[in-house]
Amino acid sequence: MKHIIIGTAGHIDHGKTTLIKALTGRNTDRWEEEQRRGITIDLGFTYFDLPNGNRAGIIDVPGHEKFINNMVAGVVGMDMVLLVVAADEGIMPQTREHMDILAMLGVQKSILVLNKCDLVDEEWLELVEEEIKEELEGTFLETAPVVKVSAATGEGIPELIETVERLTEEEVEEKDIHTIPRLPVDRGFSLSGFGTIVTGTLVSGTISKEDTLEMFPNGQECKIRNIQVHGQDVEKCYAGQRVAINISNMKKKDLKRGCVLAPPGSMTDSRLMDVKLEMLDSTMRLLTNNARLHFFSGTSEVLCRAVLLGDEELGPGDSGYVQLRMEEDVAFRRGDRFVVRFYSPMETIGGGVILEPNAARKKRFSKETIESLRQKESGTAEDVIELHVKDFAETMASVSELAKLTALSKEETEAAVTELATQGLVCVFPMKKDTYVLHMADEHAYREKILGALEDYIKKYPYRYGMPKAEVHSTFMKRVKPNVFDRYIEYLEEQDTLTRHDEFLAPKGYEVVRDETFEKVRRKLLGVIKPAKFDFVRLADIDFGGVPARTVDDILLLMTDSGEIIKVAEGMYTPGVYMAEAKEKIVEKLKADGKITIAEIRDMFSTSRKSAKPILEYMDSIKVTRKTGGESERISNL
């Protein structure tokens, strides 16, 4: 099941909250003032289930200019946006600013929702739609599907849900749940009997109850006491979900919007960040050196100074390298996107991407500085190689392949791979001819799938040692070379993840079931084949009292593996001690006469020719005898 976060955007009073109520049946305005004034001031959250089973969390963000900081906070982790435009008004100034913010923060998937269609006639609706399409040319919304609705009457809501479902299936990528978890906090409060609660959208990774995480930027460690997703208690939460987390060791007064919950030591507090900043084409402002700005990223809003490292000024449509000198501690990661607004008057002028979240002070117009930032923008060797490794999830990347792709020397590539392994980002498998590399996120995904399959397998086949290794290979890693796959299985054994019995794999600590059914089959089989001695009884002639044939076959394999019984021929078994006795007598006869025939075996064991032939063929299979010429005659093969 995909976890989808959908946001709304649009001008005040264009019906975003009413639309969400039409989709979900719930009102997202939490505060009395919001309901009284009919506008959304803070973020509202709810959800609805799509027909395909995916659950869509939905964020109602404010449309009023005064609450733009809340709108930016709502974009965190957003997979798709519903740009709501009232059919009786069209695109308004606040709608344009929302569009700019969404574009700067990297939101790409969108649906244009023409609301209040019940208030206008068909001719007016066509005119408004045409004007909106012209307005959206050249923006990320240019090719967005258009759905006409009336949130008040319910008209068009089924078509909107159908469009959301189609886009989430075809275009929305699932978030990485295997990387480190990060939860930007958008709200913190205290609840009697529980303590401190934080809410937010989990943008990456997985958080489990009893995990110990750190609250950045204040550096305080806290334990996860409880997790809720859409009002339900859960053991784990995953990237793409709206969550409420009960944490210990922290007071509400120590929290604020902009804090980030992540693994201890995974980020560093900073007041200096190097960024690539792009000015909006539509802005009327010039950005000069040391200008004071409002910085928005994640759920943070911080005042900062913009030091232009390579330019005297940046105007509409310009871009450049900038050092942002923050007025408060912040904690971000490389690649995080941001928006900046003019200090006064407050209006959005641009945004971009963080290149170095923990920067040192830099001189302006330094060639070395600009070149270094260019490299960071395009990515370090480690960054580039990590991206390539992710592309080889199905086959694993070899160091020699990575060297070719990156135009780096083998030594440089090996050094970069070693550094990535040290950071815990990749898993390395040295082989004789080359070294293979698997991204840790992909390794975790493989491990989870394989262990899940092994658990299912032993439940289905309790009388087997586990799933055949070849079946695991062909099911989950068929494009990985067999010798590299074998090394990966050895790695899982070293990690105490699974148990191996010859060529069978099972979860760690698994032991084959030897229960009442096992004993029933065993007793019945031995009770028939022991008295028969060398007059072999065919398996098909034995009644196992309703035990399924597949179960009987599995139990026979276990007994054969232990040596308790021997498979003489297809459907023909005998106790192992009998065939050991037969081998001794046949070896003695061969030593004395140099050859043996089927007739001699028949007489030696007082059996029929029908049973003597399988004995002779069994001796061939274990290399005691071999044919010379006649079909019924053998000589020693020892």
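**The second largest cavity**

Analyst: The second largest cavity holds about 30 Å³ of space. The model is predicted. A cavity counted here has 30 Å³ or more, and the structure holds two of them.

Which residues line the second largest cavity? They are Ile598, Lys613, Leu616, Glu617, Glu631 and Arg634. Sorted by class, the lining has four charged residues, two nonpolar ones and no polar ones. Helix α18, residues 609-621, gives the largest share of this lining, with three residues. Empty space of this kind is found by rolling a probe the size of a water molecule over the atoms.

Now the cysteines. A disulfide is a covalent bond between the sulfur atoms of two cysteines. How many disulfides does a search of the whole structure find? It finds zero. Cysteine 237 is in no disulfide, and its nearest cysteine sulfur, that of cysteine 222, lies 13 Å away. The cut-off for a disulfide is 2.5 Å between the sulfurs. Cysteine 259 also has cysteine 222 as the closest partner by sulfur, at 9.9 Å, which is too far for a bond.

Are these two cysteines buried or exposed? Cysteine 237 counts as buried because its relative accessibility is 0%. Cysteine 259 is buried too, with a relative accessible area of 2%. The cut-off for buried is under 20%.

Next, a hairpin. Strand β28 covers residues 498-501, and strand β29 covers residues 504-507. The two strands pair in the antiparallel sense, over four bridges. Threonine 499 has alanine 506, in β29, as its bridge partner. Two residues sit between the strands of this hairpin.

Last, the whole chain. The chain contains 18 helices and 34 strands. Of its 638 residues, 50% are buried. The radius of gyration is 35 Å, whereas a compact globule of 638 residues would have one near 26 Å. Along the principal axes, the C-alpha atoms fill a box of roughly 110 × 60 × 55 Å.

Back to the cavity: its lining includes Lys613, Leu616 and Glu617, and helix α18 spans residues 609-621.

Conventions. Residues numbered from 1 in each chain as written. Predicted model: local features only at pLDDT ≥ 70, side-chain atom pairs only at ≥ 80, totals over all residues. Heavy atoms only, no water. Buried < 20%, exposed > 50% of the residue type's maximum accessible area, 1.4 Å probe, protein only. 1 Å grid on protein atoms, 1.4 Å probe; cavity = no way out; pocket = protein on both sides within 12 Å on 5 of 7 lines; lining within 4 Å. Points joined across faces, edges and corners; volume = space filled by probe spheres on them. Nonpolar A, V, L, I, M, F, W, Y, C, P; charged D, E, K, R; others polar. Pairing = 2+ DSSP bridges. Rg over C-alpha atoms; globule rule 2.2 N^0.38 Å.
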